[in-house]
Amino acid sequence: MKGTVLYGERDIRFEDRPEPTITKPTDAILRLSATCVCGSDLWPYRGIQAIAQPTPMGHEYCGIVEEVGKEVKSIKRGQFVVGSFATSDNTCVICRHGYQSSCTQREFMSAAQAPYLRVPLADGTLVATSDLPSKELIPDLLAVSDVLGTGWFAADAANVKAGSTVAVVGDGAVGLLGVLSAKQMGAERIIAMSRHAPRQKLAREFGATDIVTERGDEGVARIKELTKGIGADSVLECVGTQQSMMQAIQSIRPGGYVGYVGVPHGVSLNLETMFYSHVHLHGGPAPVRRYLPELMKLVLDGKINPGKVFDLTLPLDQVAEGYRAMDERRAIKTLLRTNGA
Ligand SMILES: [Zn+2]
């Protein structure tokens, strides 16, 4: 088969790769229905995060189970499944506390921008649907695998509740789905920070009530203005830069919550500033597995359409263009079609 490999800065190749096989009795092999490019793939793509050697890419996936190892019990050949970017046994004490992305047996997935994928710890990592979903639902189910799960965790970590005033920093796919998540959790006011018209429009569709185009100190001032000088109850930080993190912390009301899911790159915090802000900070790699059953049900019941964040669809062999389009911000998120299912 052919799969996606990053060789260095802006050097994505679609090339011959070994077809994955069962290597542990707890593995499953999936024939992917679709895959996609993540905002976090852009860090190594842009050379901001160094890679030691050519690296197979992709960690968002859904598809049909082709084969399972002999210790796999609940996942069966022929089922449609969704999994997360972090594998989990879903039984250890950390999993039972809902932090499956820090499972004692965790592995981070890669190599999902390919037609076939090996998933370790299949029983704990994958969630199956009861029937095969229609083709129209594939983008929505794929979005659950990472971007929606991550946006949902940002909102959950930021303690979004019915009636909350929420601000979302970042208008990438995760930030936009953070807006959708906050709306689902009953937020009354959702302020999306974005200066790009197509993203503002999608934010509004997902439930944003206000748009703030200013950034940095001006962005903070604007949020304060919109909240009678108090600040937001909850802020979702979905970028990971010094500026976005400070914007999030400074936009919060005293005692408010920042949920941060943007992978931090070179961010440092002043503990004294935080001390006087009474801020609650909670974030990290999203435990998407915790939310998969609930989010898949919302999609299957037609309650949410997170797949709208895919504004570019390409055949898998054009993956390099998929990266370029996101790098140049011509696309919010690229879906890659396989011939899988
Ligand atoms: Zn575990």
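In the predicted model, strands β12 (residues 232–237) and β13 (residues 252–260) are paired in the parallel sense over 5 bridges, two strands being taken as paired if DSSP finds at least two bridges between them. Within this pair, A232 stands opposite I252 of β13. Helices (H or I, at least four residues) and strands (E, at least two) are DSSP runs, numbered from the N terminus. Residues are numbered from 1 along each chain as its sequence is written. Because the model is predicted, local features need pLDDT of at least 70 and side-chain atom pairs count only at pLDDT 80 or more, whereas totals for chains, interfaces and linings use all residues.

Both strands belong to an open sheet of 6 strands with parallel pairing, in the order β11-β10-β9-β12-β13-β14. From one strand to the next, the twist averages 20°. Helix α4 (residues 138–157) lies across β12, β13 and β14 and runs at about 155° to β13. Axes are lines fitted to C-alpha atoms, for helices over the stretch in contact, and angles run from 0 to 180 degrees between N-to-C directions.

Helix α8 (residues 242–250) is largely enclosed by the rest of the structure, because 7 of its 9 residues are buried. A residue is classed as buried if 20 or more other C-beta atoms lie within 10 Å of its own, as exposed if 12 or fewer do, and as partly exposed in between, with C-beta atoms placed from the backbone. The buried positions of α8 are S244, M245, M246, Q247, A248, I249 and Q250. These residues pack against β9 (165–169), α7 (216–226), β12, β13 and α9 (271–277). Contact between two residues requires that their C-beta atoms, placed from the backbone, lie within 7 Å.

Helix α4 also contains D140, which counts as buried because it has 24 C-beta neighbours inside 10 Å. Residues up to four places away in sequence aside, D140 touches V299, N305, P306 and G307. The C-alpha atoms of D140 and Q250 are separated by 33 Å, the two residues being 110 apart along the chain. In the loop between α4 and β9 lies N159, which has a positive phi of about 60° although it is not a glycine. With 17 C-beta neighbours inside 10 Å, N159 counts as partly exposed.

A separate open sheet is formed by 3 strands in the order β2-β1-β4, with antiparallel pairing. Here β2 (11–16) and β4 (55–56) stand at the edges with a single partner strand each, so one side of each is left without a neighbour in the sheet. Strand β1 (residues 2–8) runs antiparallel to β2 and is joined to β2 by 6 bridges, with L6 opposite I12. R10 is placed in the loop between β1 and β2. The phi of R10 is near 55°, a positive value in a residue other than glycine, and 13 C-beta neighbours inside 10 Å make R10 partly exposed. Helix α11 (residues 319–327) lies across β1 and β2, at about 160° to β2.

Antiparallel pairing is also found between β3 (residues 28–36) and β7, which are joined by 4 bridges; L30 stands opposite L117 in β7. From strand β7 (residues 116–119), Y116 and R118 point one way and L117 and V119 the other way, and all are buried.

The domain assignment, with bounds from an automatic or database domain assignment, gives domain 1 (2–132 + 311–337) and domain 2 (150–283). The C-alpha centres of the two domains lie 28 Å apart, and 6 residues of domain 1 are in contact with 6 residues of domain 2. On the side of domain 1 that touches domain 2, the residues divide into 3 nonpolar, 2 polar and 1 charged. In this division, Ala, Val, Leu, Ile, Met, Phe, Trp, Tyr, Cys and Pro count as nonpolar, Asp, Glu, Lys and Arg as charged, and the others, Gly among them, as polar.

Overall, the protein contains 11 helices and 16 strands. Buried residues make up 53% of its 341 residues. Of the contacts with a separation of 6 or more, 70% are accounted for by residues 24 or more positions apart. The C-alpha atoms fill a box of roughly 60 × 40 × 35 Å, taken along the principal axes.
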